[in-house]
Amino acid sequence: MREGINGHDGKVERNGCQLVVAVGALIGLVASPAFAEEDEAGTEFLVAPLVVTASPFASPLDELAAPVTVLIREDILTSSATSLGALLKDEPGISQSAFAAGASRPIIRGLDNNRVRVQENGIGVGDVSAVSEDHGVPIAPYAADRVEVIRGPATLRYGSEAIGGVVNVINERIPRSVPKGGFEAEASASYDSVSTGRQIGGKAKAAAGNLVWHVDGFFGKASNYRIPGTVSRQVETWNNRSGIAGGASLLVGNGDVDGHVGGSVAYYDSQYGIPAPGNPMNPVHIDMRQTKVQLGSELDFAQGFISGLSLSGGYSDYSHGEIDAAGVTGSRFDNEAWEGRAEFLHRTVGPFTGAFGVQAQRRTIVASGEGGELLAPSKTDSVAAFIFEEMRLIGEVLKLQLAGRIEHVDVAGEAMDYSAPLAPFDYAVSRSFTPGSVSAGLVFKPAGKWVFGLSAQHVERAPDALELFSKGPHEATETFEIGDPTLGKERALSFEANMRREGDDYAIEAAIFHTSFRDFIYKRMTGEVCDDDFPSCTPHGAGTELDQLFFTQEKARFRGLEAKGSITLARWDAARAGVTGQFDMVRAELEAGGNVPRIPPMRAGAGLFYEDTRLSGRLGFLHAFAQDRLSTNETETGSHTDLRAELRYRFLAPFTGAEAVDLAIVGENLLDDDIRIHSSFKKRDVLQAGRNIRLVVTARF
């Protein structure tokens, strides 16, 4: 493995390519092309109009005060990502933690872990990925039909831990409709050259009267990937993953009540290596399993004050072991989680139309072995009420969106008293919090397809058990973490202005945001060094292995800009071609001085696209600038450019029995550039994958 940042003897590149990249990004401010589609009036759109679940009204994108990032099924299948973070990492405003091939959470506008809620069909994922960066999210990208990243007022429908945003994975495991012709299916297979990765999967939905069934499954395996510029492999980047799920719904439709009632069961299994192990002779891998049950019902009522009712609930039994080369489990984490929510849509009352609901959650984490030294068993209970309302101020031109949430959270666990450094002891702690959050947004739709949004939010979050009760070594991040059981609520005041236009021959989306935290919780490095217990920490001890950090609160400020767009330059018959571009940046500073750690760098990109009814292609790059806005004990990260290309072809193959077959070839990091992710704890020791050629075939029946 080569040394230094970006392969230049540790020196950060600063040259004329920054100007070239910035100019290139202005060619056409991002979007990925899609096959051309039409609305009911016959108007063609460059990006097909989408209905999203961010609003309780299942609204189009242009009905919301804040933009929603949406990845559709075709984009998910062509991506080589094995984690949600890797799947979303190239979207404006979104990065990844990039700790391991099987463990990478999304980072939204510089916020991660307990400020980004990950959920499936509206119910929390029920894992421990926010506890540590080496813990994966037990949702494979393959399981998603669509992924939505929600920001703004709509996040309050789901939880106060969504200050950064909500990542909602949407699938049909609980069917909502009868498939066309009573049956539909999909089968897919893929291969990645850089890791000899291969994956197969399939799903099917069938109807028998009013009863609709769903089943899906997949299996994937990848070896250690090749690093740029060499034939060498980045050790411990292998991963295996598999899953199976089944569900059913009873469809109801008698004129007075329409909708569905159903449930699903899913099992997920994953094993992956932890790269750059502290002891190369004794690497550690994670063996993760989760069983999840979900119930869901959506009903529409023809009469009465309540026009709709959405009920959902879930139970998750999650566990993972951290296993060394000898097969010994050094740490084990078990998480049992329950969640339920009910949302009522109401008809117009005065000027308001909206929804209100309740939500309850329980989570119990039990860590044993070395994990128990970091966090003793803890339990978190919460109950919440929320509301989301719309008011039309000027017909369809201007409307007001209001949202509010009130929660009660109880957190119980064990903290460490280190007032006597050579004789610390644990003691039981129980804390209660009542976070309250409100937001307001304006949606302005003048003539044409332009939409302008403005929103403001005051959001409060209760500290997580890890932030309150950490008390020991965290080998994965090479830190000795100490929580603060006296932490108060985290408070944030956010403002955002955005503009959007979709359809016809060009599309554009841009947003500017500013968030001020009164009590931002973060990990403060103390400069002391520890071994495996507190008495070993300097200056009282002689520790040499782990950097000591404290969870602390301080005022902080986040601000940034995101933009993406596309322009069609030429048309002929059903074909079109054009340019795309994107840009994003975030700045995060502590009021007392210095920067918030691990903030993603500024990025810019541009590209070309072509599409017709059968064939589509794109070629583009995303350049990450050098990150030299550093926190204490951070090091600079060099720039890199990820050049990507993609070609898709759809053909009819009646002799196979398939309705259509899609073939795709995708090139990733075609420049074979050294890519290090500044937000990763492993950036100094781990290069991202080198040049990759991905082949995907998908048949739909």
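These legends walk you through several close-up views of the structure above.

The model is predicted, so local features are described where pLDDT is at least 70 and side-chain atom pairs where it is 80 or more, while totals for chains, interfaces and linings use all residues. Residues are numbered from 1 along each chain as its sequence is written, and side-chain values use heavy atoms, leaving out hydrogens and water.

**View 1. A patch of negative charge on the surface brings together Glu370, Glu373, Glu475, Glu478, Asp532, Asp533, Glu545, Asp547 and Asp685.** A patch takes residues with over 30% relative accessible area and no salt bridge, joining like charges within 9 Å and nonpolar side chains (Val, Leu, Ile, Met, Phe, Trp, Tyr) within 5 Å. A salt bridge here is a side-chain nitrogen of Lys or Arg within 4 Å of a carboxyl oxygen of Asp or Glu. Look for glutamate 478 in the loop between strand S24 (471-474) and strand S25 (479-482); strands are DSSP runs (E, at least two residues), numbered from the N terminus. Glutamate 478 has a relative accessible area of 37%, so it counts as partly exposed (buried is under 20%, exposed over 50%, partly exposed in between, with a 1.4 Å probe and protein chains only).

**View 2. Leu393, Ile394, Val397, Leu442, Phe444, Phe452 and Leu454 make a nonpolar patch on the surface.** Together these residues have about 550 Å² of accessible area, computed by the Shrake-Rupley method with a 1.4 Å probe. At least two residues of the nonpolar patch come from each of strand S19 (378-394), strand S22 (436-444) and strand S23 (450-461). Isoleucine 394 has its place in strand S19.

**View 3. Tyr418, Phe480, Phe534 and Phe550 form one aromatic cluster.** Rings of Phe, Tyr and Trp (its six-membered ring) pair if their centres lie within 6.5 Å; planes under 30 degrees apart are stacked, over 60 edge-to-face, and the rest tilted. The count by this rule is 16 aromatic pairs. One of them is the tilted pair of phenylalanine 480 and phenylalanine 534, at 6.4 Å centre to centre with 50 degrees between the planes. This pair links distant parts of the chain, 54 residues apart: phenylalanine 480 is in strand S25, and phenylalanine 534 is in the loop between strand S27 (506-530) and strand S28 (546-572). Both phenylalanine 480 and phenylalanine 534 are buried.

**View 4. Phenylalanine 517 and phenylalanine 558 form an edge-to-face aromatic pair.** Their ring centres are 5.5 Å apart, with 65 degrees between the planes. Phenylalanine 517 lies in strand S27 and phenylalanine 558 in strand S28, so the pair ties together parts 41 residues apart in sequence. Phenylalanine 517 is buried at 2% relative accessibility, and phenylalanine 558 is buried with a relative accessible area of 2%.

**View 5. Here are some backbone features to look for.** Most residues other than glycine have a negative phi, and most peptide bonds are trans. A cis peptide bond, with omega about 5 degrees, joins threonine 538 and proline 539, and proline 539 sits in the loop between S27 and S28. Arginine 109, not a glycine, has a positive phi of about 55 degrees. This arginine 109 is in the loop between strand S5 (106-108) and strand S6 (116-120) and is buried at 11% relative accessibility. Aspartate 573 also has a positive phi, about 50 degrees; its place is the loop between S28 and strand S29 (575-590), and at 84% relative accessibility aspartate 573 is exposed.

Notes:
Lys and Arg count as positive and Asp and Glu as negative; His and the chain ends are not counted. The place of a charge is taken as NZ of Lys, CZ of Arg, CG of Asp or CD of Glu. Helices (H or I, at least four residues) and strands (E, at least two) are DSSP runs, numbered from the N terminus.
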